[in-house]
Amino acid sequence: VMNMLSKSNGTNRDQLEMISLDEMVPEDHLVRKLEKAISTFRSFAYSNHATTDRNGFFLASIVTPGNVHDSHIFEPLLNVVKEKVGKPLAVAADAGYKTPHIAKVMIDDGIRPCLPYRGPAVKKDI
C-alpha cells in the first residue's frame, strides 16, 4: 500500500495491493478473540409471565422461551391462578393478551376482562 503513494518508484503506481484482516491482525489480538466469541455465542431469551393480585402480591408464574407470545400462555397461567387461589372476578392485562379468544375465554368463565383500549392508528395531519 505504501508503494502506491511513493513518488520514488513510478512503476508501482498502477499496482494495487490487497491486504486482508488475516494479514493485519495477529491471532492473539483482542479482535480475534471477540470474533471467536461472537461466532460461537448463542443467546437464550425467556419470558416470565407473572400474575399478581390487586395489591401487587405474587400469585403465579410461568417461564417460557422468549419467542412464545403472551397470548399463548394466558390460559395455562389463568388455570394455575384458579387452581391455587380461585377464580378471579376480573383480569387486567397488557396489550399482549388482548385477543378475541382471550376475551371470550374470560367472559365465558364469568371473569371481567380489563384490557387496554388503543384507538386506531391515524396520522395526526389527517
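Tutor: A definition to begin with: a residue is buried when its relative accessible area is under 20%, and exposed when that value is over 50%. Keep in mind that this is a predicted model.

Student: What percentage of the chain is buried, then?

Tutor: Of the 126 residues in the chain, 17% are buried. The chain exposes about 10600 Å², and 57% of that area comes from carbon and sulfur atoms.

Student: How many helices and strands are there, and in what order do the elements run?

Tutor: The chain has 5 helices and 4 strands. Starting at the N terminus, the order is α-α-α-β-β-α-β-α-β.

Student: And what share of the contacts is between residues 24 or more positions apart?

Tutor: Such pairs make up 22% of the contacts with a separation of 6 or more.

Student: Let's look at α5. Which of its residues are buried?

Tutor: Helix α5 covers residues 100–108, and its buried residues are I102, V105 and M106. They span an arc of only 95° around the axis, so they sit on the same side of α5.

Student: Which residues are exposed on the other side of α5?

Tutor: P100, I107 and D108 are exposed there.

Student: What covers the buried residues of α5?

Tutor: The cover includes α4 (70–85), β3 (90–92) and β4 (112–114).

Student: What follows α5?

Tutor: G110 comes after α5, and its phi is positive, near 80°.

Student: Switching to T64. Where is it, and is it buried or exposed?

Tutor: T64 belongs to strand β2, residues 58–65. Its relative accessibility is 7%, so T64 counts as buried.

Student: What does the side chain of T64 make a polar contact with?

Tutor: The partner is the side chain of H49, at 2.9 Å. Leaving aside residues up to four places away in sequence, T64 touches Y46, S47, H49 and I73.

Student: Which elements give two or more residues to the lining of the largest pocket?

Tutor: Those elements are β1 (46–52), α4 and β3. The largest share of the lining, 5 residues, is from α4.

Definitions and conventions
Residues numbered from 1 in each chain as written. Predicted model: local features only at pLDDT ≥ 70, side-chain atom pairs only at ≥ 80, totals over all residues. Heavy atoms only, no water. Buried < 20%, exposed > 50% of the residue type's maximum accessible area, 1.4 Å probe, protein only. Contact = heavy atoms within 4.5 Å. Areas by Shrake-Rupley, 256 points an atom, 1.4 Å probe, with all protein chains shown as cover. Polar contact = N/O pair within 3.5 Å; in protein donor to acceptor, adjacent residues only side chain to side chain. Arc of directions from axis to C-beta.
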